[in-house]
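Here is a short briefing to read alongside the structure. Have a look at the model, then follow the notes below.

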Amino acid sequence: MPVGVFHSFNNPLFGKFAFYTGIVIGKTLLMSALTSRSRLTNKIFINPEDAAKFGGKGTTVINADQRVERIRRCHQNDIENVLPFVLIGLLYLVTDPDPWLATQLFRTFALSRCLHTVCYLVPLPQPSRAMMCSIGWCVTAFMTVAVIRAGGI
Amino acid sequence: MPVGVFHSFNNPLFGKFAFYTGIVIGKTLLMSALTSRSRLTNKIFINPEDAAKFGGKGTTVINADQRVERIRRCHQNDIENVLPFVLIGLLYLVTDPDPWLATQLFRTFALSRCLHTVCYLVPLPQPSRAMMCSIGWCVTAFMTVAVIRAGGI
Amino acid sequence: MPVGVFHSFNNPLFGKFAFYTGIVIGKTLLMSALTSRSRLTNKIFINPEDAAKFGGKGTTVINADQRVERIRRCHQNDIENVLPFVLIGLLYLVTDPDPWLATQLFRTFALSRCLHTVCYLVPLPQPSRAMMCSIGWCVTAFMTVAVIRAGGI
């Protein structure tokens with residue numbers, strides 16, 4: 001492959017990153033859909049125009065309902081963890097990391113985030129969810145340190 | 001253009017992606033400014049130090065006000081939809097997609113997000129906003145599937 | 001460096017971008033850790049299973065506590081500002097900007113975000129935090145306009 005072209009499918013590691021990024025972003029997108037479904041099923045709306053259209057007669061606007069809020073918190077946790085992973089991952093690829101190590105990191109992150117969602121939505125007893133969140137966090141933190149060192153001024 | 005260099009203005013599709021990404025990120029940035037303006041105009045503050053400086057005598061700290069909260073929810077919806085679009089879009093470019101199709105996807109996303117903001121802030125009756133949000137969601141989901149397939153292991 | 005390869009450590013500006021991006025993403029990651037620590041120290045939990053495991057006997061589930069909420073708002077502000085900066089920064093690099101100007105922008109952003117966190121968590125009197133937030137916002141807005149112009153259709 002041409003020197004310095006890390007964002008290309010000629011780089012096998014890029015393919016792996018693309019695959020696992022697709023999985024975790026796809027999972028994050030599903031959370032939006034789940035939240036909407038939960039609002040419609042439970043008739044919990046946060047905007048008056050939503051209640052007027054989707055709620056039927058007598059539906060009230062409620063700021064928080066535990067069934068909807070749990071899904072929303074899980075979604076927010078994805079936003080706070082998945083998006084930084086992808087951003088740092090794009091830069092980490094350019095540091096030309098060891099392919100075996102990098103693949104394990106991407107795979108571990110994707111797996112821990114999928115299990116995090118299961119722990120949150122079932123919900124499973126703690127500390128299962130805290131552990132899954134920490135594993136993903138450590139992967140991103142590890143890559144962040146590698147990026148800072150590679151860019152070190 | 002050199003093989004594999006998709007993130008370059010030598011790739012006309014990159015220029016289009018950059019343009020539409022700039023539009024949607026710029027729009028997201030404007031939501032921060034709108035929230036601040038709404039807080040200052042309506043004297044709704046969430047931190048005591050903000051009320052002390054910007055609120056004048058007797059201003060109280062309020063956790064939620066419907067005028068401010070609507071703008072905040074619109075901003076949050078941008079965060080949840082625009083940022084995943086840009087991340088997946090960067091990877092989607094590398095899959096060397098059909099330029100015509102990709103351009104329509106970028107354009108559709110940018111347009112649907114701008115109309116989503118109009119629907120949310122006016123507000124227009126539902127299901128206008130739900131439709132706009134779904135269109136953008138489907139564009140990102142389509143690109144996500146393409147990225148997973150291209151990176152497929 | 002090969003024409004058009006901007007995302008490479010052969011491009012010295014990329015190294016600077018990677019360094020400052022690592023700093024601001026790392027700082028954002030630390031906010032998650034700080035929120036968790038604050039929840040555990042103050043025994044403020046939002047999910048029943050968290051209170052059951054980490055809270056000890058008689059701990060209740062509380063939706064909002066000012067000590068935790070301040071850290072969470074600071075984290076949310078990072079999500080809303082740091083992630084758009086990194087996304088637009090990746091595209092801005094490809095516009096082949098003046099290296100001196102671009103370096104100042106990256107440095108200014110990173111510094112303003114670190115000071116923003118100090119202002120928020122101490123907390124310092126306003127308008128210190130508003131100024132730090134505005135500086136970072138202006139950097140991202142400036143780069144966004146440059147990206148839209150470069151991609152201009």
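Which residues of helix 4 of chain A are buried? They are Ala102(A), Leu105(A), Phe106(A), Phe109(A), Ala110(A), Ser112(A), Arg113(A), His116(A), Thr117(A), Cys119(A) and Tyr120(A). A residue is buried if 20 or more other C-beta atoms, placed from the backbone, lie within 10 Å of its own. This is a predicted model: local features need pLDDT of at least 70 and side-chain atom pairs pLDDT 80 or more, while totals for chains, interfaces and linings use all residues. Residues are numbered from 1 along each chain as its sequence is written, with chains lettered from A and ligands numbered from 1 in the order in which they are written.

**Helix 4 of chain A**
- Helix 1 (12–42), helix 3 (66–94) and helix 5 (128–151) of chain A are among what covers its buried residues.

**Chains A and B**
- Chain B superposes on chain A by a rotation of 120° with 0.0 Å of shift along the axis, at RMSD 0.0 Å (least squares on C-alpha atoms of residues with pLDDT of at least 70 in both).
- The two copies are thus related as by a three-fold rotation axis.
- Within chain B, the C-alpha of Val5(B) comes closest to that axis, at 4.0 Å.

**Chains A and C**
- The contact (C-beta atoms, placed from the backbone, within 7 Å) takes 30 residues from each of chain C and chain A.
- On the side of chain C, helix 1 gives the most, with twelve residues.

Technical notes. A residue is buried if 20 or more other C-beta atoms lie within 10 Å of its own, exposed if 12 or fewer, and partly exposed in between; C-beta atoms are placed from the backbone. Helices (H or I, at least four residues) and strands (E, at least two) are DSSP runs, numbered from the N terminus. Two residues are in contact if their C-beta atoms, placed from the backbone, lie within 7 Å.
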